[in-house]
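Subject: A structure to look through

Hello,

Here is the structure I promised to pass on to you. Please open it beside this email and follow along as you read.

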Amino acid sequence: MTTIPTSARPRAALARGLSEIVLVVSGSAVLVLASLPVDPHHVSDAEAGIFHVLNGTTVLPFAVVWPLMQLGNVLVVPVSAAIAAAFRRWRLAGELLLAGAGTYLLAKVVKGIVPRGRPDGLLTDVVIRGAEAHGRGFISGHAATLTALAAVAWPWLGPRGRIAVIVLVAVVCLARVYVGAHLPLDVVGGIGLGLAVAGLVRLVLGRPA
């Protein structure tokens with residue numbers, strides 16, 4: 001059987017285009033719109049109401065929620081890149097590292113531009129589950145990081161994989177409110193940042209055509 005030399009094999013076609021621009025524009029818009037109502041000393045009645053509904057529910061025990069919530073931890077960035085590399089998806093591994101690290105750092109910048117504390121410093125009757133979160137609340141770094149990873153991986157995934165990442169992002173975002181670490185707009189803003197960064201990374205490095 002004749003084998004084709006590695007150098008002669010066609011490389012997978014890459015594309016950049018409208019979908020990346022849509023991610024950057026829509027993600028940036030979500031981030032800006034989520035930041036507009038944010039006040040360092042006050043939470044709107046609507047946001048407080050949504051928070052108390054999610055924070056006050058006891059659908060799942062904390063022992064189940066905690067490991068799922070860690071999927072938004074920054075340590076997931078190198079882990080996800082390592083998994084992609086194990087399958088020889090070198091470009092995807094690089095994009096995951098770049099998007100994850102970039103989102104993590106930019107989240108710190110946003111926290112400095114739009115200062116707001118954690119829910120227990122702004123509202124009463126906040127249920128804290130697990131270790132108390134400290135520092136500034138807007139935006140949610142967990143939501144931003146996982147969203148960026150999911151949006152970068154999206155073109156590489158099949159239908160089941162895409163459904164899985166949507167569910168995981170939703171679970172992590174809801175969990176951050178459930179444990180009392182973030183207010184609803186914190187996770188919405190995080191989603192916006194993650195989408196925008198993923199769009200930029202895909203514009204630079206490309207995606208499967």
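A residue counts as buried under 20% relative accessible area, exposed over 50% and partly exposed in between, using a 1.4 Å probe and protein chains only. By that rule arginine 88 is exposed, because its relative accessible area is 65%.

Before we go on, please note that this is a predicted model, in which local features need pLDDT of at least 70, side-chain atom pairs count only at pLDDT 80 or more, and totals for chains, interfaces and linings use all residues. Residues are numbered from 1 along each chain as its sequence is written, and side-chain values use heavy atoms, leaving out hydrogens and water.

Back to arginine 88, which sits in the loop between α4 and α5. (Helices are DSSP runs of H or I with at least four residues, numbered from the N terminus.) Its phi is near 60°, a positive value in a residue other than glycine. Aspartate 125 also has a positive phi, of about 60°, although it is not a glycine. You will find aspartate 125 in the loop between α5 and α6, and it is exposed, with a relative accessible area of 66%. Why point these out? Most residues other than glycine have a negative phi, and most peptide bonds are trans.

The loop between α5 and α6 also holds isoleucine 139. Glycine 112 is 27 residues away from isoleucine 139 along the chain, and their C-alpha atoms are separated by 9.9 Å. Glycine 112 itself belongs to helix α5 and is partly exposed, at 45% relative accessibility.

Now to helix α6, residues 141–153. The expected span of a helix is 1.5 Å times one less than its number of residues. For the 13 residues of α6 that gives 18 Å, and the end C-alpha atoms are 18 Å apart, which agrees.

Last come the helix pairs. Axes are lines fitted to C-alpha atoms, for helices over the stretch in contact, and angles run from 0 to 180 degrees between N-to-C directions. Angles under 35 degrees count as roughly parallel, over 145 as roughly antiparallel, 65 to 115 as roughly perpendicular and the rest as oblique.

- α1 (residues 18–35) and α8 pack at about 155° with their axes 7 Å apart, and are therefore roughly antiparallel. Leu23 and Leu31 of α1 and Leu193 and Leu200 of α8 are among the residues in contact.
- The axes of α5 and α8 come within 9 Å and cross at roughly 140°, which makes α5 oblique to α8. This contact includes Leu98 and Leu106 of α5 and Val197 and Val201 of α8.
- The axes of α3 (residues 62–69) and α7 (residues 159–178) come within 9 Å and cross at roughly 125°, so α3 is oblique to α7. Val65, Leu68 and Met69 of α3 meet α7 residues including Val171 and Tyr178.

Enjoy exploring, and write back with any questions!

Conventions
Helices (H or I, at least four residues) and strands (E, at least two) are DSSP runs, numbered from the N terminus. Contact means heavy atoms within 4.5 Å.
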